[in-house]
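Hi,

Here is the structure I promised to pass on.

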Amino acid sequence: MPYDEALERFEPVLGLETHVELGTASKMFCGCPTTFGAPPNTHVCPVCLALPGSLPTTNAAAIESTIRIGLALNCSIAEWCRFARKNYFYPDMPKNYQISQYDEPLCFDGYLDVEVDGKTVRIEIERVHLEEDTGKSTHVGGATGRIHGADYSIVDYNRAGIPLVEIVTKPIPGTDRLAPEVARAYGTELRELVRGLGVSDVRMEEGSMRFDVNVSLMPRGSSEWGTRTETKNVNSLRSVERSVRGEIERQAAILADGGRIIQETRHFHENTGTTTSGRSKEEAQDYRYFPEPDLVPIAPDPAWVAELKAALPELPGVRRKRLQQEWGVSDLDMTSMYNADAIVLVEATVAAGAPPADARKWWMGELARRANEAGLPLSALRITPDQIARVCAMVAGGALNDKLARQVLEGVLNGEGSPDEVVAARGLQIVNDEGELMEIIDQVLAGNADAADKVRSGKVAAVGALVGGVMKASRGKADAGRARELILERLGVSE
Amino acid sequence: MSLVHKTAADLGALIAAGEVSAVEVAQAHLDRIAAVDPQVNAFLHVDAETTLKQARAVDARRAAGEELGPLAGVPIAHKDVFTTVDMPTTAGSKILEGYRPPYDATVTRRLREAGLVILGKTNLDEFAMGSSTENSAYGPTRNPWDLSRIPGGSSGGSSAAVAAYEAPLSTGTDTGGSIRQPAAVTGIVGMKPTYGGSSRYGLIAFASSLDTPGPFARNVLDTALLHEAFSGHDVMDATSVDAPVPSVVAAARNGDVAGLRIGVVKEFGGDGYQAGVLARFHETVELLESLGAKVFEVSCPSFTTALPAYYLIAPSECSSNLARFDAMRYGLRVGDDGTRSAEEVMALTRAQGFGPEVKRRIILGTYALSSGYYDAYYGQAQKVRTLIARDFEAAFQQVDVLISPTTPTTAFPIGERADDPMAMYLADLCTIPANLAGNAAISVPCGLADEDGLPVGLQIMAPVLGDDRCYRVGAAVEKALQARWGGSLLSRAPEL
């Protein structure tokens, strides 16, 4: 059912569960490193492989990071809580139970304010808890890449035991037609917050932040919430938005036909923007949670928690207001930068020496266009804020004009090296040697005698064609303004 | 006296003095194992070359002038639930047949560093679940006092090895009595330290909140020496206690009970207890009084609910702990012929790899933790656990130690209780409370029952981190009784 029609008939209720891999140096319960991209099964030890007899010990840095996330989300911090075992069998989970938290989360009852359409929406946080990640299964053969129908599966345990924070919202009613945007805004704001705390690199494309999106619908006028579905492991902010929209349309069509929604997990498909059925929760797994007997309870010292709270960095909303003032940009520009996820990039580019207006121009113009073409987020472009700042400096110094600068950016994005290397390799320096420029001008005048005569006879506007000829002959490297001056001088015409 | 009949303390002293080499001591025990273990079946794995290599290393260290600890060069047998890098570790289960761990348990590592020489790995009830060692996948161990009887369990291989003079020392684990009960029925000393006093790292888990590594020896001092050698805080075990090891060796040398307040647990005794067990127990109580101790009767009413609480908590934890044996990364794998799914291979492997008692407990525990039953079973059992800890606390306001028979009966015949799990579970009636509360407790020999001439054990329970009190009272009883007997109880065991 089309979105607008769906919203006329139903009201959505959202809920989001977010998993964030913490950037601690070692895993949650052992000393193995957490770096991404190592050869399979090289970051493993008896503990994270669950060899017989091995025992977990808690990573104190992960506890601290989780408490800081909780504090930044305005949560209460438990004075005493425990880990719990979540029992189920799966080959990528070495112990066949996950050490998690159940009814005693480390942080609870907080909120996060997000801005959507110029309005502030308060998202209530149910809990923030700490657990361990599983290994990663790859299913080989079969059509879907899922375990069903695969010929065989391989498992990489490097990820097993990486600390994972789960942030769960309370149900979010009242978002109405903005539900997809609210979901995305929450994801964006949460990512900014976690990144600002420095506790995770929040690289969604590497899976270090992923969302489970819960959606239910109720008929307009009803106060009874409908059955929800949970779309698992949505791994980009754009997909969060699209999955909410797609799920609202799908559920509305079923409900409008008199059908009922099955409580289940669903998978999101990037290519179609739709979800398909996963595992039914009506035959819900019984995880047989019980307190983890291999670990002692966590009892954070309230004085230490107060210290952590006092030392929290500036939170994203406050920071944005400060940057907007410093940069002197309008609300609209700030919002478009925020939506394009460009604030951090612009800030870093400014920090690298670029004027704010130039930094914003490049990220929101040329680079946004290229990211859009490639279907990538800005942050995934293969160019750094330092490199942009360097290009800005070259333009300001007169070594490049905007047209050449775009070619430099293209070269950097193509992996041709640093801006200086691209300039050298492609020969993109502006032609500043007037002797060389004069040679080109003379050639162009000789080949365009008609146009030259027109200019001599006072039709100054005809100089445009001659400048164009010079630019073409110099393959864009000439400074167009200077070329115009020199042509007029050579022809003895003054303006 | 042959080398195998000497105490560990004497062997350590002889080796340190250079009067005998570690290799000679190891060889004497390997010879004894070769001679008697075919009857006893205490060992699952013996590898003479690996043993002698370790002994030669100790001799070399001594020759190089290195100062060695009191047990350097003394042989030891490890219960086959402690991981060892140079020997297989099976937990008595088919599911780990031939498994070689890549790391040493903290207990084995520390004893290796102290220079103890590993003779081999001893038999046990599969995954330490049982009271007779009949649940081993590798056949039962026999009691050296009477080869038709059980040596206790689950650490029955370790108790039998020490009682049969195959090893002067051995390690065990005590989850519900698995050290004290085998010690009692084989006439040796076995100690369950305070929970967390000895590291569980590298101990293949049965029930994490209860499992406690501990020592076996033929006398109280040797037991204390071994206790001290592997105990103490371990950063690899989060439940390990960060406190000094109680001064157990000094207590074992002291053995003075004059003025000590001793509580007899009122709830243990009477119906279901063998007359000969009670007779020896009451004699020992009188003996302690004669040594100057003040004896009181103390009631611990919740101890009677310890057994059912234990049989909810231990299976619950084991159902989760044993989930890792899934054929994916190590151990047995059944049915992986390319046509079956991972789930089917897991199920087939676990069906064939686990024995009936292990399956029974996994099923019990899975049920007790299930949604809708958790509060009634696991939750309720945890409350009972709190009550038992309170009973202990109240008792230790009045007395310094509590005593009881270690087991209601002497060693029963192999097969007698094999088909009756409830009867089997009763063997741990008196030992379970100390596990549920985490207290220290020891079993020392206190005589032979009149009916069957088999050993009876005295259990001495002390507060958490009061392990030294167990040794102090144990040493007093040992000294007085051996004076009465004119030697150790074990010297009255039949020759093998």
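Of the 495 residues in chain A, 41% count as buried. Bear in mind that this is a predicted model. Chain A has 16 helices and 14 strands, and its C-alpha trace spans about 95 × 55 × 55 Å along the principal axes. If you take the contacts in chain A between residues at least 6 apart in sequence, 68% of them join residues at least 24 apart.

Next, the two chains together. On the chain A side, 26 residues are in contact with 36 residues of chain B. That side of chain A is made up of 15 nonpolar, six polar and five charged residues.

One helix pair in chain A is worth a look. Helix α2 (residues 60–72) and helix α5 (residues 302–310) of chain A have axes that come within 10 Å and cross at roughly 60°, which makes α2(A) oblique to α5(A). The crossing of α2(A) past α5(A) is right-handed. From α2(A), the residues involved are Glu64(A), Ile67(A), Arg68(A) and Leu71(A), and they meet Val305(A), Leu308(A) and Lys309(A) of α5(A). By class, that contact has four nonpolar and three charged residues, with no polar ones.

Then the cores. The largest nonpolar core has 228 residues, and Ile76(B) and Ile460(B) touch the most other members of it. Leaving aside residues up to four places away in sequence, Ile76(B) touches Leu111(B), Leu116(B), Val117(B), Ile118(B), Leu119(B), Ala167(B), Leu169(B), Ser170(B) and Thr171(B). There is also a second, separate core of 29 residues, which includes Ile388(A), Ala389(A), Val391(A) and Leu400(A).

- The peptide bond from Gly153(B) to Ser154(B) is cis, with omega near 5°. You will find Ser154(B) in the loop between β3 (117–122) and α5 (156–163) of chain B.
- Asn96(A) is not a glycine, yet it has a positive phi of about 60°. It sits in the loop between β3 (84–87) and β4 (97–100) of chain A. Asn96(A) counts as buried because it has 21 C-beta neighbours inside 10 Å, and the cut-off for that is 20 or more.
- Asn233(A), another residue other than glycine, has a positive phi, near 50°. This one is in strand β11 (residues 229–234) of chain A. With 15 other C-beta atoms within 10 Å, Asn233(A) is partly exposed.

Happy browsing!

Note on methods:
Residues numbered from 1 in each chain as written. Chains lettered and ligands numbered in written order. Predicted model: local features only at pLDDT ≥ 70, side-chain atom pairs only at ≥ 80, totals over all residues. Contact = placed C-beta atoms within 7 Å. Nonpolar A, V, L, I, M, F, W, Y, C, P; charged D, E, K, R; others polar. Axes fitted to C-alpha atoms, helices over the stretch in contact; angles between N-to-C directions. Helix = DSSP H or I, 4+ residues; strand = E, 2+ residues; numbered from the N terminus. Parallel < 35°, antiparallel > 145°, perpendicular 65-115°, else oblique. Left-handed = near helix turned anticlockwise from the far one by under 90°. Core = buried A, V, L, I, M, F, W, Y, C linked by C-beta atoms within 7 Å. Buried ≥ 20, exposed ≤ 12 C-beta atoms within 10 Å, placed from the backbone.
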